[in-house]
Amino acid sequence: MNLDFNSTQSTRYLQVYDYYRDLIAAGRLMPGTKIPSIRRCAVQLGLSRTTIETAYLCLAADGYIISRPQSGYYVTDRAVTAPRTADRKSAAAPEKKILYNFTSNNVDADSFDFNLWRRYIKSTLRQDARMLTYGEPQGEYELREVICRYVMSKRNAVCRPENIVVGAGSQVLLNILCPLIRDRGNVCFRDTRFAQGMVIFEDYGFDVEKERENASVLYMTPSHMTSLGDVMSVEKRLALLKECAAHDRLIIEDDYDNEFRYFSKPIPCLQGLAGGENVVYLSTFSKLLLPSIRLSFMILPDSLLPLYEQKKALYNQTASKSEQLALCQFLRDGHLDSQIRKLKRLYAGKAKTLSTLLEVAFGTRAQVYMGESVFLVHLKINCSLSSDELCDRAAADGILVFPIHKTGKKSEGYAHIALSCCEVPAEKFPDAVDRLRRVLSDSL
């Protein structure tokens with residue numbers, strides 16, 4: 001307890017009273033919690049039992065605690081049932097309910113065959129002997145074999161199963177990677193929106209640079225260079241690889257949505273164009289399957305393998321062994337290709353439906369178009385609001401969209417926002433678009 005019994009500002013029993021009252025009011029002592037007995041509290045604080053008893057009697061008199069015979073003192077629900085004035089004010093103005101979330105990375109309920117996945121999970125769980133052991137730190141070898149064939153075939157990667165590390169999400173894999181490249185010291189993120197990745201590097205002592213010329217590690221998303229979903233061309237990829245080789249820069253290639261292209265075929269990954277050297281490749285199956293299936297993988301270049309081999313026994317596998325084995329058979333049976341085709345049809349159809357509704361609603365006052373990414377629809381509106389102001393006004397009416405211009409300044413007389421068609425069901429689009437139009441009617 002952080003109490004100052006040498007202070008002349010308050011008597012000791014009032015200090016004890018204030019201490020417990022504040023804990024209860026802040027919710028750190030929940031209703032029904034038993035507090036220390038008078039004797040125990042007196043020993044802990046080095047005070048007399050009379051002082052503690054006086055404080056407890058005051059707490060009981062004000063309704064914060066109650067005495068139960070032969071049991072002790074317990075916290076009441078006063079702090080819950082009788083909130084303070086500030087709490088009443090906040091309760092009187094509850095947050096606006098979100099009706100339509102067009103910023104979500106969640107998926108459409110029709111995007112995944114749950115029955116099919118259940119069959120693979122059940123088949124895995126019948127392998128009793130394998131379920132009795134922990135998973136391999138690097139990931140189940142047979143899954144790494146299948147992933148190796150997949151990325152070599154679909155993404156032109158260059159690797160062996162030994163180069164692949166499986167984990168429950170990209171952050172987990174970055175926690176494995178950072179100690180292997182700690183001596184490089186600084187990193188530059190091409191996409192500064194990936195705050196979850198940046199904080200990991202900072203936690204390991206890396207300096208996050210704004211300009212790539214000052215960094216020895218580049219974190220790149222070549223298949224999603226901008227919020228519009230623009231893809232880095234082959235020419236630019238080759239030029240980047242040449243530049244990084246000349247300056248001994250390591251590239252981390254985050255290829256999280258390479259499969260989702262509207263107008264172009266997937267381009268060979270940087271890792272493959274570099275022959276597997278000087279590039280760490282990251283990707284995930286969460287986008288293709290379900291966000292709750294946290295299965296990602298990393299391809300390490302041969303130069304980092306010896307150091308990883310020394311340390312890998314110290315890392316526990318974070319991805320579920322049963323899900324790894326289920327995914328392995330899922331991939332072997334060719335379901336991933338059909339899943340990708342299904343997702344493209346579903347989200348392309350939803351994006352076109354949303355685009356048509358926006359065009360009808362806003363007419364000549366707006367430009368509506370789909371970027372390279374399957375998921376996003378872009379809306380440029382000729383209005384008096386900035387992009388951020390438009391998003392704030394929409395959010396106040398229960399519609400979440402996100403701004404493309406994040407500075408809050410108006411640009412060329414229009415506001416530019418984007419809407420992800422993933423989570424919101426298509427049958428809800430008409431009402432959502434009508435609400436958005438009404439929200440902005442006075443600023444058009």
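The model is predicted. Its salt bridges come to 17 in all. Helix H2 crosses helix H3 at roughly 120°, while H15 and H17 pack at about 35°. Asp 255 is buried, at a relative accessible area of 1%.

**Salt bridges**

- The count of salt bridges is 17.
- Arg 21 and Asp 22 join through their side chains in a salt bridge, with 3.3 Å from N to O.
- Glu 136 pairs with Arg 144 in another salt bridge, and their closest N and O atoms lie 3.3 Å apart.
- Glu 136 is partly exposed at 34% relative accessibility, whereas Arg 144 is buried at 4%.
- Arg 184 and Asp 248 form a salt bridge as well, with 3.6 Å between the closest N and O atoms.
- This pair links distant parts of the chain, as Arg 184 and Asp 248 are 64 residues apart.
- Arg 184 sits in the loop between helix H9 (170-180) and strand E5 (186-189). Asp 248 sits in the loop between helix H11 (234-246) and strand E8 (250-254).
- Arg 184 counts as partly exposed, at 22% relative accessibility.

**Helices H2 and H3**

- Helix H2 spans residues 38-45 and helix H3 spans residues 49-61. Their axes come within 9 Å and cross at roughly 120°.
- The H2 and H3 crossing is right-handed.
- On the H2 side, the contact is made by Ile 38, Arg 39, Cys 41, Ala 42 and Leu 45. H3 supplies Arg 49, Ile 52, Glu 53 and Tyr 56.
- Six residues of this H2 and H3 contact are nonpolar, three are charged and no residue is polar.

**Helices H15 and H17**

- Helix H15 covers residues 335-362, and helix H17 covers residues 429-440. They pack at an angle of about 35°, and their axes are 10 Å apart.
- The crossing of H15 and H17 is right-handed.
- H15 brings Lys 350, Thr 353, Leu 354, Leu 357, Leu 358, Ala 361 and Phe 362 to the contact.
- H17 brings Phe 429, Pro 430, Val 433, Leu 436, Arg 437 and Leu 440.
- By class, the contact of H15 with H17 has 10 nonpolar residues, one polar residue and two charged ones.

**Asp 255**

- Asp 255 is placed in the loop between E8 and helix H12 (270-273).
- Asp 255 counts as buried because its relative accessible area is 1%, and buried means under 20%.
- Leaving aside residues up to four places away in sequence, Asp 255 touches Arg 155, Ser 223, Cys 269, Tyr 281, Leu 282 and Ser 283.
- Pro 222 is 33 residues from Asp 255 in sequence. In space, the two are 7.1 Å apart, C-alpha to C-alpha.

Terms used:
Residues numbered from 1 in each chain as written. Predicted model: local features only at pLDDT ≥ 70, side-chain atom pairs only at ≥ 80, totals over all residues. Heavy atoms only, no water. Salt bridge = Lys/Arg side-chain N within 4 Å of Asp/Glu carboxyl O. Buried < 20%, exposed > 50% of the residue type's maximum accessible area, 1.4 Å probe, protein only. Helix = DSSP H or I, 4+ residues; strand = E, 2+ residues; numbered from the N terminus. Axes fitted to C-alpha atoms, helices over the stretch in contact; angles between N-to-C directions. Left-handed = near helix turned anticlockwise from the far one by under 90°. Contact = heavy atoms within 4.5 Å. Nonpolar A, V, L, I, M, F, W, Y, C, P; charged D, E, K, R; others polar.
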